[in-house]
Amino acid sequence: SASRCDAVEGWAQRICPCSAQGIEPPAACKQLSGRYCAGTELDCDCDSCDDFRNNDRCANACRVMNGYTSAPAGMSTWRAKRVSRTSSTRECDCSWMAKGRGDDCKQCDKCALQCRLA
């Protein structure tokens, strides 16, 4: 119905038009926003209502970029991937990915991209 925002099967189909209409998404999904690494090979549109069921590259990156390291209580068992060992590239030291909270998915410079793909 027009008064709810339902999460539909498939990441690309879960775009939540509710925020544009001023309608809050249901508790079964969380509104994400932004664009992950726009214009790069890792580009993902994060403006969606996420139910935390998918476990793919875009879903994971968008969640972390929006501050989630695990699914909200009662939604799923999803957790952000943690890196314990890194592989640096010829041009970049990637050890930062295993320190502290790791990759927050907010940087998309050359080294961030190379380290994520290493």
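## Overall organisation

The secondary structure of this protein comes to 2 helices and 4 strands, where helices (H or I, at least four residues) and strands (E, at least two) are DSSP runs numbered from the N terminus. From the N terminus on, the elements follow the order β-β-β-β-α-α. The model is a predicted one, in which local features need pLDDT of at least 70 and side-chain atom pairs count only at pLDDT 80 or more, while totals for chains, interfaces and linings use all residues. Residues are numbered from 1 along each chain as its sequence is written, and side-chain values use heavy atoms, with hydrogens and water left out.

Of the 118 residues in the protein, 33% are buried, a term that means under 20% relative accessible area, with exposed being over 50% and partly exposed in between (1.4 Å probe, protein chains only). Among contacts (heavy atoms within 4.5 Å) between residues at least 6 apart in sequence, 38% join residues at least 24 apart.

## The nonpolar core

The largest nonpolar core has 18 residues, of which Tyr-36, Trp-78 and Cys-105 touch the most other members; such a core is a set of buried Ala, Val, Leu, Ile, Met, Phe, Trp, Tyr and Cys residues joined through side-chain atoms within 4.5 Å. Helix α1 gives the most to this core, with 5 residues.

Leaving aside neighbours within four places in sequence, Tyr-36 is in contact with a set of residues that includes Leu-42, Cys-44, Ala-61, Met-65, Cys-105 and Arg-116. Cys-37 has its place in the loop between β2 and β3 (44–45) and is buried, with a relative accessible area of 3%. Phi of Cys-37 is near 50°, a positive value in a residue other than glycine.

## Helix α2 and Arg-116

Helix α2 (residues 110–117) has Ala-112, Leu-113, Cys-115 and Arg-116 as its buried residues. Seen down the axis of α2, these residues fall within an arc of 165°, so they line one face of the helix; the arc is that of the directions from the helix axis to the C-beta atoms. The buried residues of α2 pack against β2 (35–36). At the start of α2, a side-chain oxygen of Asp-109 reaches to within 3.0 Å of the backbone nitrogen of Cys-111.

Arg-116, found in helix α2, counts as buried at 17% relative accessibility. The side chain of Arg-116 makes a polar contact with the side chain of Asp-103 (2.6 Å); a polar contact is a pair of N or O atoms within 3.5 Å, where, within protein, one must be able to donate a hydrogen and the other to accept it, and residues adjacent in sequence count only if both atoms are side-chain atoms. Beyond neighbours within four places in sequence, the contacts of Arg-116 include Tyr-36, Cys-37, Met-97 and Cys-105.

## Aromatic rings

A search of the whole structure finds 2 aromatic pairs, with rings of Phe, Tyr and Trp (its six-membered ring) counted as paired if their centres lie within 6.5 Å, and with planes under 30 degrees apart taken as stacked, over 60 as edge-to-face and the rest as tilted. The rings of Phe-52 and Tyr-68 have their centres 5.1 Å apart and their planes at 70°, so this pair is edge-to-face. The pair links distant parts of the chain, 16 residues apart, with Phe-52 in the loop between β4 (48–50) and α1 (57–65) and Tyr-68 in the loop between α1 and α2. Ring pairs link Phe-52, Tyr-68 and Trp-78 into a cluster.

Phe-52 counts as buried at 1% relative accessibility, and its phi is near 65°, a positive value in a residue other than glycine. Arg-63 lies over the face of Trp-78, at 4.9 Å from the ring centre, the criterion being that NZ of Lys or CZ of Arg is within 6 Å of the ring centre and within 35 degrees of the ring normal.
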